Amino acid sequence: MPFDSATVQLISGNLLEMVSAHGFPLSLNRADNCFELNENEPAYPVIRENAPYVLYEDIQLHVPAFLDPPHNRIHAWMAVPLKVKGRMIGIIALDGYNVGQFSEKHAQLAVTYANHVAIALENARLFSDLQSELSARKKLISELESKNTELERFTYTVSHDLKSPLFTVRGFLGYLEQDALSGNHLRLKSDIQRITDATDKMQRLLNELLELSRVGRLRNESTDFPFGDLVGEAAELVQGQIMARGIQISMNPNLPVVHGDRPRLTEVLQNLLDNAAKFMGDQKEPHIQIGYRGQDAERGMHIFSIQDNGIGIPPEHYDRIFGLFNKLDPKTDGTGIGLALVKRIIEVHGGRIWVESEAGKGSTFFVTLPPSGPAVS
C-alpha cells in the first residue's frame, strides 16, 4: 500500500489520541497528539456514523487544518476503523503526499488489516490486564502471609504475657486460704496486694491491646497541621516526667506541615518523648532534639527525627523494640506495647519508623509522614 506516513489513534473520552506513528515522530507533549472528536474531525464518519472507511483524494480541499504545517504536505488521506467485538476503539489513519495516491481497493485492504490490528490490540490489553491482576494477587497473597505470621506472633505473645498475671493470681489464692486458716493477717494483706497488682497489670495489658486493635479501624478525620504544634502538644502531656528529670527539649525551627490523624500522631510523639525520657540513664545534661531530615526521594514523605542522649540501644534490638510486650529493661514502667502502637499508627499513615543507636550514645528515632494535602497511598 503506497502510504507515506500512518498513525494509530485511539478514542479517549471526547478525544482521538495518536498512540503510535510511522513516518514522523510523535510529540513529547501529549496534548499535541490529541484531537477533539467532533464533526470537524475527518474520521468522524467512521467513528460516529459507522462508515466502513473514509477516503479523500485531496484532503486539503475539505479540511482547512491540512493547509497548515506540518500537515500541508499531506493530500491523500484515509481512515479505517479499529473495532473490538463491535466496539469502536479508534482508527488507523494513512497519509499520502500525492493527490489520488489511494484507491478504493487500498481502502478495502486497509479495513481487513485493521481488523487484525484490533484483535492484536485487544489481546495485548487482555494480557496486560491479566499481568496486572496476577501482580495484584501475588501482592495480596504476600500481604496475607505477612499478616498471618504477624497474627501468629501476636497470639503467642499475648497468651504468654497474659498467663503471667494469671499464674500469680492462682498461686496467691492458695496462699490466701492458708493465711486465713492460720490467722496470719499481715501476710494475708500482702497476698491480696500481690493479686491486686497482677489483675491491674492484666487490665493495663488488655486496655493497651484494645487500643492497638483500634488503630486503623477507628480513625479521626485527617487534617493538615504544623508538625511543630504536634511536638508542643505531646511535650505538654509528658511535662511532668520531663521536668522531674531536668530534660531539655528543643526542635528545629519551621518544621513543615503534615497530613494525618492529629490525635493519633500526638500519641506517637508522646510515646517517643516518654520513651526518650525513660531511658536517659544518669545523663547529667539530658536533651531531646526534634529535627527535620527533608523528604524521601521515593514518595516525598517528610522525615522527622527524635534524638536523645540517653543510654542507647544495641543494634541487635533494633527490630525487637517494636514488637509486642518487648521491654529491654523489665524494671521500667509500662507494658511494652508503646512502640508497637507507634509503629502501627505510622504505618496506617503510609509512613515508616526506624531507629539508629549505639549503646551508651543515645538513640535517634526516624518517622516519615505525608506532606500537607491528600494522604500518600
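## Helix α4 and its buried side

The buried residues of helix α4 are Phe227, Gly228, Leu230, Val231, Ala234 and Ala235. Around the axis these residues cover an arc of only 155°, which puts them on the same side of α4. On the other side of the helix, Glu236 and Leu237 are exposed. The model in which these features are described is a predicted one, and the descriptions that follow should be read with that in mind.

Phe227, one of the buried residues of α4, has a relative accessible area of 0%. Because buried means under 20% relative accessible area, Phe227 counts as buried at that value.

## Aromatic pairs

How many aromatic pairs does the structure hold by the rule applied here? The count comes to six aromatic pairs. In one of them, Phe227 and Phe304 are stacked, with 3.7 Å from centre to centre and 10° between the planes. Phe227 lies in helix α4 (residues 227-237) and Phe304 in strand β11 (residues 302-308), so this pair ties together parts that are 77 residues apart in sequence. Phe304 is buried, its relative accessibility being 0%, and Phe227 is likewise buried, with a relative accessible area of 0%.

Phe304 also forms an aromatic pair with Tyr292, and this pair is tilted, with 5.5 Å between the centres and 50° between the planes. Tyr292 lies in strand β10 (residues 287-295) and Phe304 in strand β11, so here the parts tied together are 12 residues apart in sequence. Tyr292, at 28% relative accessibility, counts as partly exposed, whereas Phe304 counts as buried at 0%.

Elsewhere in the chain, Tyr56, Phe66 and Trp77 form one aromatic cluster. A contact between a charge and a ring is found at Trp354, where Arg352 lies over the face of the ring, at 3.9 Å from the ring centre.

## Helix α7 and the residue that follows

Helix α7 spans residues 338-348, and its buried residues are Leu339, Ala340, Leu341, Val342, Ile345 and Ile346. The helix is followed by Gly350, whose phi is positive, near 80°.

## Salt bridges

Side chains of opposite charge can pair when their charged atoms come close. The structure holds 10 salt bridges, among them one between Arg30 and Glu17, whose closest N and O atoms are 2.9 Å apart. Arg30 lies in the loop between β2 (15-22) and β3 (34-36) and Glu17 in strand β2, so the pair ties together parts that are 13 residues apart in sequence. Are the two partners, Arg30 and Glu17, buried or exposed? Arg30 is exposed, with a relative accessible area of 51%, whereas Glu17 counts as buried at 13% relative accessibility.

Another salt bridge joins Lys278 and Asp274, with the closest N and O atoms 3.7 Å apart. Both residues lie in helix α6 (residues 262-278), four residues apart, about one turn of the helix. Lys278 is partly exposed, with a relative accessible area of 22%, and Asp274 is partly exposed with a relative accessible area of 22% as well. The side chains of Glu358 and Lys361 also meet in a salt bridge, at 3.6 Å from N to O; Glu358 counts as partly exposed at 44% relative accessibility, while Lys361 is exposed, with a relative accessible area of 61%. Finally, Glu122, Arg125 and Asp129 are linked in a network of salt bridges.

## A nonpolar patch on the surface

Met1, Phe3 and Leu109 form a nonpolar patch on the surface, and together they have about 260 Å² of accessible area. Met1 is placed in the segment before β1 (5-12), and at 39% relative accessibility Met1 counts as partly exposed.

How values were computed
Residues numbered from 1 in each chain as written. Predicted model: local features only at pLDDT ≥ 70, side-chain atom pairs only at ≥ 80, totals over all residues. Heavy atoms only, no water. Patch = residues over 30% accessible without salt bridge, like charges linked within 9 Å, V, L, I, M, F, W, Y side chains within 5 Å. Areas by Shrake-Rupley, 256 points an atom, 1.4 Å probe, with all protein chains shown as cover. Salt bridge = Lys/Arg side-chain N within 4 Å of Asp/Glu carboxyl O. Helix = DSSP H or I, 4+ residues; strand = E, 2+ residues; numbered from the N terminus. Buried < 20%, exposed > 50% of the residue type's maximum accessible area, 1.4 Å probe, protein only. Phe/Tyr/Trp six-rings, centres within 6.5 Å; stacked < 30°, edge-to-face > 60°. Lys NZ or Arg CZ within 6 Å of the ring centre and 35° of its normal. Arc of directions from axis to C-beta.
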